[in-house]
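Have the viewer open as you read.

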Amino acid sequence: MPPEFRSSPTGSRDLLAQHGLVERRPPIRSSDFRSLGSPFHYYLTRKLGLVPALRYSVALSQGTWFHLALEILLTPGLTGDETFARYRAKLEARMDEIREICKVLSIGDQRTREILATEEQDADCAWVWAMTAKDLPIPGSLSGGRSLHEFLTDPNLVHICRECTLKTEIQLPDLRTAPVPCVMQPDMLFYHRTQNSLWIVDYKTTSISPRIRAASCPIEPQTQHYMSILHNMLCRGTLQAQYDLPSDVTVGGMLHAIVRKPTISFGQADRDFFLDT
């Protein structure tokens, strides 16, 4: 029998909580634009965290693995073997998760192996993609011909945190309303010694020209949201106290590292013969 449930002002929320669906305050991300036309879809997927168990998208899967690969490859102090071992450990954990999902959903062995093979191929593609991207020269005169890896390991840049969750409250002009809780989770936050400023780094993947993709970044909700939170936390002195920064540190800006998805992939579909073993 379904659980007894009495109507109340928070009835729906209490019922969902009984099943482990607790409302969250997720950080804004660039992909949230897909939910702009459907607040209910945003509530289900981002606030409650509901997604199809085995939802698959080549772009989304490779983009997620790329973010992870780039984060590990750009971690200071790790050797090549250590970065690969850490990445493979993440992949094995994901594979175990998929096996458990397939078992719960009674998916057959053959189909499970196909799903696992696809996930591993996406992870391998993303790893090679990230290894190549980090060492390519950044276009434009501001980078001085440096690669992303060289740029982010500049002695003037001090890495503050990676994938850290930063929370604050912003008071609206109408003082009668309660402060609005805000959250961001930047890919990287670094302090520029010479400029005495804090910068947000955001990795993005795209299937179009990175220059075209970058054109909309300044006006996107994620950029405005992150910059607002950074400014608010510096005004409050929160980040200065948390990371031992100078009291007069300023907002530097937000750097978008945009990498185009490669047009090649692993496979033998382009070969005119196959080795019969």
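## Cysteines

A residue is called buried here when its relative accessible area is under 20%, exposed when that area is over 50%, and partly exposed in between. Please keep in mind that this is a predicted model.

With those cut-offs in hand, look at the cysteines. One disulfide is present in the structure, and it joins Cys161 to Cys164 with an S to S distance of 1.9 Å. Cys161 and Cys164 are both buried. Two other cysteines are worth a look. Cys217 has a relative accessibility of 2%, so it counts as buried. Cys235, in contrast, has a relative accessible area of 58% and is therefore exposed.

## Salt bridges

How many salt bridges does a search of the whole structure find? The count is 11. One of them pairs Arg88 with Asp124, where the closest N and O atoms are 3.2 Å apart. Because Arg88 belongs to helix H4 (residues 80-104) and Asp124 to helix H5 (residues 109-133), this pair ties together parts that are 36 residues apart in sequence. Arg88 has a relative accessible area of 22%, which makes it partly exposed, and Asp124 is partly exposed too, at 26%.

Glu114 is partly exposed at 35% relative accessibility, and Arg111 is partly exposed with a relative accessible area of 46%.

Asp135 and Lys134 also form a salt bridge, with their closest N and O atoms 3.2 Å apart. Elsewhere, a network of salt bridges links Asp202, Lys204, Arg213 and Glu220.

## Aromatic rings

Now for the rings. A pair of aromatic rings is described by the distance of the centres and the angle of the planes. The structure holds four aromatic pairs. One of them is formed by Trp65 and Tyr87: the centres are 5.7 Å apart, the planes make an angle of 70°, and the arrangement is edge-to-face. This pair links distant parts of the chain, since Trp65 is in helix H3 (residues 58-73) and Tyr87 is in helix H4, 22 residues apart. Both Trp65 and Tyr87 are buried.

Tyr87 also pairs with Trp127. Their ring centres lie 4.6 Å apart and their planes are at 35°, so this pair is tilted. Here, too, distant parts of the chain are linked: Tyr87 in helix H4 and Trp127 in helix H5 are 40 residues apart. Trp127 is buried, as is Tyr87. Ring pairs join Trp65, Phe84, Tyr87 and Trp127 into a cluster.

## Nonpolar cores

Which residues touch the most other members of the largest nonpolar core? In this core of 31 residues, they are Trp65, Phe66, Leu70, Tyr87, Leu152, Phe190 and Tyr203. Two or more residues come from each of H3, H4, H5, helix H6 (148-152), strand S4 (188-192), strand S5 (197-206) and strand S6 (250-260). H5 gives the most, with eight residues.

Leaving aside residues up to four places away in sequence, its contacts include Leu152, Leu157, Val158, Ile160, Trp199 and Leu255. There is also a second, separate core of 20 residues, with Ile160, Leu166, Leu230 and Met254 among them.

## Helix H4

Helix H4 carries both Arg88 and Tyr87, and its length can be checked. With 25 residues at 1.5 Å a residue, H4 should span 36 Å; its end C-alpha atoms are 37 Å apart, which agrees.

Which residues of H4 are buried? Among them are Thr83, Tyr87, Leu91, Met95, Ile98, Ile101 and Cys102. After H4 comes Ser106, which has a positive phi, near 55°.

Note on methods. Residues are numbered from 1 along each chain as its sequence is written. This is a predicted model: local features need pLDDT of at least 70, side-chain atom pairs count only at pLDDT 80 or more; totals for chains, interfaces and linings use all residues. Side-chain values use heavy atoms; hydrogens and water are left out. A disulfide is a pair of cysteine sulfur atoms within 2.5 Å. Buried means under 20% relative accessible area, exposed over 50%, partly exposed in between (1.4 Å probe, protein chains only). A salt bridge is a side-chain nitrogen of Lys or Arg within 4 Å of a carboxyl oxygen of Asp or Glu. Helices (H or I, at least four residues) and strands (E, at least two) are DSSP runs, numbered from the N terminus. Rings of Phe, Tyr and Trp (its six-membered ring) pair if their centres lie within 6.5 Å; planes under 30 degrees apart count as stacked, over 60 as edge-to-face and the rest as tilted. A nonpolar core is a set of buried Ala, Val, Leu, Ile, Met, Phe, Trp, Tyr and Cys residues joined through side-chain atoms within 4.5 Å. Contact means heavy atoms within 4.5 Å. The expected span of a helix is 1.5 Å times one less than its number of residues.
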